[in-house]
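Student: I would like to learn how to read helix packing and a few other features in a model. Please go through them in turn.

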Amino acid sequence: MSRICRNFLISGACLVLILLMAQILGAQWRGEARSGRISYLYDLERKIFRFTNEVRRRHGVPPLTWESSLRDVARAHSADMLRRNYFSHVNPEGKSPHDRICKAYPYPLSMTGENIWSGTGHDPGDSTRLARQIVNNWVSSAGHRQNLLNPKFTDIGVGVAARGRDVRATQAFVCTRKSR
């Protein structure tokens with residue numbers, strides 16, 4: 001067999017192997033997207049927090065304090081909405097934001113609030129653009145804007161969950177009676 005034929009066969013075999021691997025990996029990725037694998041987007045959560053406080057400052061409202069226990073509540077609600085395919089402040093068992101926050105928050109509360117956002121077809125990797133879009137959507141909605149700019153709220157947690165290009169974001173707000 002000539003050297004040219006042997007190189008051609010080796011090249012062809014390599015190409016077939018590459019195509020098979022691409023097909024296997026592509027099927028695996030599509031399977032993960034359908035399987036319900038949910039990821040939490042920490043960078044997006046922090047940018048939403050930062051942009052929220054920027055909006056509050058522009059309107060003369062004191063900034064909110066980041067609270068990890070509220071982040072956990074917000075993440076759980078975002079993931080639950082994705083997992084069970086609903087979009088509501090009240091979950092299918094009838095639990096309200098106040099119910100969820102009070103159960104998990106370690107301090108006495110005088111007031112709670114929640115903003116939620118849902119998007120499909122978004123690139124979670126472009127966190128700066130997506131964070132601005134989410135906060136701008138909330139500012140453009142009367143009820144969400146009222147929560148975002150409420151000077152009585154002191155602490156916030158932001159939780160963002162994604163499955164592929166489906167994204168859910170939740171802001172959990174509280175006004176505490178605690179003295180730190």
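Student: How are helix 3 and helix 4 oriented to each other?

Tutor: Some conventions come before the answer. This is a predicted model, in which local features need pLDDT of at least 70, side-chain atom pairs count only at pLDDT 80 or more, and totals for chains, interfaces and linings use all residues. Residues are numbered from 1 along each chain as its sequence is written, and side-chain values use heavy atoms, with hydrogens and water left out.

Tutor: Two packed helices are described by the angle between their axes and the distance between the axes. Axes are lines fitted to C-alpha atoms, for helices over the stretch in contact, and angles run from 0 to 180 degrees between N-to-C directions. Helices (H or I, at least four residues) and strands (E, at least two) are DSSP runs, numbered from the N terminus. Here helix 3 (residues 68-84) packs against helix 4 (residues 97-104) at about 135 degrees, with the axes 9 Å apart. Angles under 35 degrees count as roughly parallel, over 145 as roughly antiparallel, 65 to 115 as roughly perpendicular and the rest as oblique. Helix 3 and helix 4 are therefore oblique to each other.

Student: Which residues of helix 3 and helix 4 meet?

Tutor: Contact means heavy atoms within 4.5 Å. From helix 3, Ser69, Leu70, Val73 and His77 meet Arg100, Ile101 and Ala104 of helix 4. By class, this contact has 4 nonpolar, 2 polar and 1 charged residues; Ala, Val, Leu, Ile, Met, Phe, Trp, Tyr, Cys and Pro count as nonpolar, Asp, Glu, Lys and Arg as charged, and the others, Gly among them, as polar.

Student: At what angle do helix 2 and helix 5 pack?

Tutor: Helix 2 (residues 42-58) and helix 5 (residues 127-139) pack at about 45 degrees, and their axes are 9 Å apart. That pair is therefore oblique as well. The residues of the contact of helix 2 with helix 5 divide into 10 nonpolar, 3 polar and 4 charged.

Student: Where is Ser96 placed?

Tutor: Ser96 lies in the loop between helix 3 and helix 4. Not counting residues up to four places away in sequence, Ser96 touches His89 and Val90. Ser96 and Gly113 are 17 residues apart in sequence and 9.9 Å apart in space, C-alpha to C-alpha.

Student: How many disulfides does the count come to?

Tutor: A disulfide is a pair of cysteine sulfur atoms within 2.5 Å. By this rule there are 0 disulfides.

Student: Is Cys175 buried or exposed?

Tutor: Buried means under 20% relative accessible area, exposed over 50%, and partly exposed in between (1.4 Å probe, protein chains only). Cys175 has 14%, so Cys175 is buried. Cys102, at 35% relative accessibility, counts as partly exposed.
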